[in-house]
Amino acid sequence: METLRLRGPRLTLREYRHTPEEAAALHAVHGDPETVRHLPFGPRDFEDCADQLELYLEAAEEEPRTHYRLAVDDPAGDPVGQAALTREDGHAAQLGCVLRRDTWGRGYAAEATALLCALGFGTLGLYRLAARCDPANTAAVRVLERAGFQYEGRVRADSHRDGRWHDALQYALLAPEWPGPPWSGPGWPGPQGGTGG
């Protein structure tokens with residue numbers, strides 16, 4: 001399996017491990033109704049999260065790999081969320097992240113998004129990254145706009161949840177528009193570890 005580890009100033013994005021602790025950490029995010037209220041799925045129980053973890057590990061083994069579901073570790077090394085990048089074709093991907101509620105407001109979403117951009121534009125050599133978010137998720141809109149993503153429009157009836165259809169806002173960023181992560185510059189060599197490390 002390809003091993004991926006991306007380090008920012010505070011966060012690390014890494015492959016999941018097949019342990020009960022990892023499933024519990026995922027459940028702490030996906031099981032919280034407030035945390036998932038803007039996502040296309042409802043709260044998941046522990047077994048659902050354990051099953052999702054299995055799917056993430058299987059997807060990491062695929063060749064060519066199209067799904068990157070990565071754990072987000074905080075400065076103490078504790079998993080506090082999930083970052084995801086899904087390749088759509090040879091040059092584009094969708095990305096997103098979700099973080100445990102008690103970590104909100106610390107700038108972690110911005111750092112995780114920058115690391116996903118480094119993965120997409122740097123490691124994978126993609127040209128276009130896109131992201132969709134719930135129109136009511138103003139925090140996600142701010143993160144995307146600050147990262148340089150451009151608003152492309154409203155996707156009507158993008159997902160179905162709780163018995164009704166939900167729209168999404170579409171954002172995208174192209175490789176020539178990406179300035180690099182906000183902490184880049186002299187002394188920042190890029191994503192640490194890359195692939196295969």
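# Cavity, pocket, helix contact and backbone

Student: Which residues line the largest cavity?
Tutor: This is a predicted model, in which local features need pLDDT of at least 70 and side-chain atom pairs count only at pLDDT 80 or more, while totals for chains, interfaces and linings use all residues. Residues are numbered from 1 along each chain as its sequence is written, and side-chain values use heavy atoms, leaving out hydrogens and water. On a 1 Å grid over the protein atoms alone, a cavity is a set of points where a 1.4 Å probe fits but cannot get out, and lining residues have an atom within 4 Å of a point. The largest cavity is lined by Tyr16, Glu22, Ala25, Leu26, Val29, Ala71, Pro79, Gly81 and Gln82.

Student: Which element gives the largest share of that lining?
Tutor: Helices (H or I, at least four residues) and strands (E, at least two) are DSSP runs numbered from the N terminus. The elements giving two or more residues to the lining of the largest cavity are H1 and strand E4 (79–87). The largest share, four residues, comes from H1.

Student: What is the volume of the largest cavity?
Tutor: The structure holds one cavity of 30 Å³ or more, and the lining of the largest cavity divides into six nonpolar, two polar and one charged residue. A volume is the space filled by probe spheres set on grid points, joined across faces, edges and corners, and for the largest cavity this is about 50 Å³.

Student: At what angle do the axes of H1 and H3 cross?
Tutor: Pro20, Glu22, Ala23, Ala24, Leu26, His27 and His30 in H1 meet Phe46, Cys49, Ala50, Gln52, Leu53 and Tyr56 in H3, where contact means heavy atoms within 4.5 Å. The residues of this contact divide into nine nonpolar, three polar and one charged. The axes of H1 (residues 20–30) and H3 (residues 46–61) come within 8 Å and cross at roughly 115°.

Student: Which residues that line the largest pocket are the closest to its centre?
Tutor: About 1500 Å³ of space lies in the largest pocket, a pocket being an open set with protein on both sides within 12 Å along at least five of seven lines. Of the 50 residues that line it, the closest to its centre are Leu39, Gly96, Cys97, Val98 and Asn137.

Student: What is the omega of the cis peptide bond that joins Glu63 and Pro64?
Tutor: Pro64 is found in the loop between H3 and strand E3 (67–73). The cis peptide bond joining Glu63 to Pro64 has an omega of about -5°.

Student: Where is Ala157 found?
Tutor: Ala157 has a positive phi of about 50° although it is not a glycine. Ala157 is found in strand E7 (residues 150–161).

Note on methods
Axes are lines fitted to C-alpha atoms, for helices over the stretch in contact, and angles run from 0 to 180 degrees between N-to-C directions. Ala, Val, Leu, Ile, Met, Phe, Trp, Tyr, Cys and Pro count as nonpolar, Asp, Glu, Lys and Arg as charged, and the others, Gly among them, as polar.
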